[in-house]
Amino acid sequence: MRLRLPCPLCETPARAQAGAREWRCPACDHVVPLLPSNGSTCAACGNGELFRKKDFPHGLGMAVLVGAFLASTITYWLYAKWLTWTILIGSAAFDGLLYLWVKDVIVCYRCFAEHREVAQPERIAPFELTIHERYRQERLRRQQLQKSGQ
Ligand SMILES: [Zn+2]
Ligand SMILES: [Zn+2]
């Protein structure tokens, strides 16, 4: 399993070394002790609520669709009807293949640690907005407490 997490203090994301017992922030030197995990609990904070998402490079699928759309308007304008359809259908098929090909990543709702190469990722439920919202509220409350404590 590979682990990547944003620093709890300064939010700089960094990878953990394979088999490492702790994670060290490259920006502020903050250390997070790592926990043994089989992919159903978070290896950084021990939280049991995780979600599964596609490890999709951000924006790539969208870029393919936008690119295809632009190309098809040009071919449409040139009255190249078959080429237009080929581009549109081809890009949709490419997006579908990309979706099948990219692997799952398991993410912690609490600390956003990303766990890759987890065995049987389908045990983990996909993202749920209500759970995410609960953790977001918890984070806001914690930040307010920290502020009033200072
Ligand atoms: Zn940091
Ligand atoms: Zn976590």
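Two strands count as paired if DSSP finds at least two bridges between them. With that in hand, the tour can start; note that the model is predicted.

**Stop 1: the two domains.** Colour residues 2-55 together with 103-149 as domain 1, and residues 60-100 as domain 2. The centres of domain 1 and domain 2, taken over C-alpha atoms, are separated by 36 Å.

**Stop 2: strand β1.** Select residues 2-6, which make up β1. Leu 3 and Leu 5 are on the covered face of β1, while Arg 2, Arg 4 and Pro 6 are on the uncovered one. Pro 6 in turn has Pro 13 of β2 as its bridge partner. The two strands form a hairpin, with six residues between them. In that turn, select Glu 11, which has a positive phi of about 70°.

**Stop 3: the other neighbour of β1.** Select residues 114-116, strand β7. β7 also pairs with β1 in the antiparallel sense, over three bridges. On this side, Arg 4 stands opposite Glu 114.

**Stop 4: the whole sheet.** Show β2, β1, β7, β6 and β5 in that order; these five strands form an open sheet with antiparallel pairing. Which strands stand at the edges? They are β2 and β5 (residues 50-54); each has a single partner strand, so one side of each is left without a neighbour in the sheet. Ignoring direction, neighbouring strands of this sheet are turned by 25° against each other on average.

**Stop 5: the core.** The largest nonpolar core has 17 residues. Select Ala 44, Cys 108 and Ala 113, the residues with the most contacts inside this core. The most comes from β6, with four residues. Keep Cys 108 selected and display its surroundings. Leaving out residues up to four places away in sequence, Cys 108 touches Cys 42, Ala 44, Cys 45, Asn 47, Leu 50 and Ala 113.

**Stop 6: a loop glycine.** Move to Gly 19, in the loop between β2 and β3 (residues 22-24). Is Gly 19 buried or exposed? Gly 19 is exposed, because 7 other C-beta atoms lie within 10 Å and a residue counts as exposed at 12 or fewer. For a distance check, pick the C-alpha atoms of Gly 19 and Glu 122: they are 23 Å apart in space, and the two residues are 103 apart in sequence.

**Stop 7: helix α1.** Select residues 60-77. The 18 residues of α1 should span 26 Å at 1.5 Å a residue, and the end C-alpha atoms are 26 Å apart, which agrees. How many of its 18 residues are buried in α1? The count is zero, and α1 is hardly covered. Step just past the end of α1 to Tyr 79, which takes a positive phi of about 60°.

**Stop 8: helix α3.** Finish with residues 129-149, the 21 residues of α3. From first C-alpha to last, α3 reaches 30 Å, close to the 30 Å expected at 1.5 Å a residue. The number of buried residues in α3 is zero, so this helix lies largely in the open.

Terms used:
Residues are numbered from 1 along each chain as its sequence is written. Chains are lettered from A and ligands numbered from 1 in the order in which they are written. This is a predicted model: local features need pLDDT of at least 70, side-chain atom pairs count only at pLDDT 80 or more; totals for chains, interfaces and linings use all residues. A nonpolar core is a set of buried Ala, Val, Leu, Ile, Met, Phe, Trp, Tyr and Cys residues joined through C-beta atoms within 7 Å. A residue is buried if 20 or more other C-beta atoms lie within 10 Å of its own, exposed if 12 or fewer, and partly exposed in between; C-beta atoms are placed from the backbone. Two residues are in contact if their C-beta atoms, placed from the backbone, lie within 7 Å. The expected span of a helix is 1.5 Å times one less than its number of residues. Domain bounds come from an automatic or database domain assignment. Axes are lines fitted to C-alpha atoms, for helices over the stretch in contact, and angles run from 0 to 180 degrees between N-to-C directions.
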